[in-house]
Amino acid sequence: MDIQEALLKRRSIRKYNDQKISKENINKILEAAMYAPSAMNLQPWQFIVIDDKFVLTETITSIPYAEMLKQSASAILVCGDSNIEKNESWLLQNCSAVIQNILLSAFGLGIGSCWIGIHGMPEIVKNIKDQFQLPDNIIPVALISLGYPDETVTAEERFKTEKIHYNKW
Ligand SMILES: Cc1cc2nc3c(=O)[nH]c(=O)nc-3n(C[C@H](O)[C@H](O)[C@H](O)COP(=O)(O)O)c2cc1C
């Protein structure tokens with residue numbers, strides 16, 4: 001699959017079958033994640049891979065709208081290290097690039113994924129920090145659920161010329 005095709009065809013997948021994801025594929029996804037661009041190439045990210053069903057279910061208590069974790073084989077918690085990148089906006093931008101790489105890498109491997117927002121919701125951030133015993137400098141940004149798809153979500157037309165401006169607004 002070429003990059004343009006992957007970009008246009010990837011969709012959030014929230015229903016998964018029982019198939020587990022191999023450690024090899026998780027590592028491929030994390031490798032893609034770590035090749036994301038970052039300001040000054042600081043790579044200020046950390047990951048927690050969740051592949052234990054009990055921990056996945058427990059995480060629904062921390063993020064009540066993350067019901068898809070009941071079915072997902074795994075999930076990756078993407079965190080930023082605020083000791084390494086002190087500018088919070090850049091930390092979030094770096095981690096967002098990481099997350100997009102995760103979504104696309106998973107898609108390329110036939111694995112469905114969904115970005116579950118954490119940062120920006122103080123209560124959820126606190127729940128996650130407590131659950132995973134994150135040090136103060138480790139900021140949870142998002143959780144990515146992963147599993148082999150049990151639904152088909154087709155691509156929709158999103159290209160809108162009215163959103164494009166040349167040289168000025
Ligand atoms: C910052 C952010 C937070 C999101 N949080 C959630 C979430 O909590 N639950 C969920 O089901 N999807 C979540 N999504 C996924 C979006 O709903 C999804 O990307 C959007 O509807 C577009 O669909 P697509 O991913 O299929 O292109 C989030 C996406 C982003 C970028």
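Which residues surround the ligand? In this predicted model, the ligand is surrounded by Arg11, Ser12, Arg14, Tyr65, Cys114, Trp115, Ile116, Gly117 and Val153.

Four strands form an open sheet in the order E1-E2-E4-E3, and their pairing is antiparallel. Strand E1 (45-50) and strand E3 (112-117) stand at the edges; each has a single partner strand, so one side of each is left without a neighbour in the sheet. On average, neighbouring strands of this sheet are turned by 25° against each other, direction ignored. Strand E2 (residues 74-81) runs antiparallel to strand E4 (residues 138-147), and eight bridges join the two. Alanine 75, for example, has serine 145 in E4 as its bridge partner.

Next comes the helix that meets this sheet. Helix H4 (residues 88-108) lies across E1, E2, E3 and E4, and runs at about 160° to E2.

Finally, there is the interior to explore. In soluble globular proteins, nonpolar side chains tend to be buried together. Here, the largest nonpolar core has 38 residues, of which Ala75, Val78, Ile102, Leu143 and Ile144 touch the most other members. At least two residues of this core are supplied by each of helix H2 (23-34), E1, E2, H4, E3, helix H5 (122-131) and E4. H4 gives the largest share, seven residues.

How values were computed:
Residues are numbered from 1 along each chain as its sequence is written. This is a predicted model: local features need pLDDT of at least 70, side-chain atom pairs count only at pLDDT 80 or more; totals for chains, interfaces and linings use all residues. A residue is near a molecule or strand if its C-beta atom, placed from the backbone, lies within 6 Å of it. Two strands pair if DSSP finds at least two bridges between them. Axes are lines fitted to C-alpha atoms, for helices over the stretch in contact, and angles run from 0 to 180 degrees between N-to-C directions. Two residues are in contact if their C-beta atoms, placed from the backbone, lie within 7 Å. A nonpolar core is a set of buried Ala, Val, Leu, Ile, Met, Phe, Trp, Tyr and Cys residues joined through C-beta atoms within 7 Å. A residue is buried if 20 or more other C-beta atoms lie within 10 Å of its own, exposed if 12 or fewer, and partly exposed in between; C-beta atoms are placed from the backbone.
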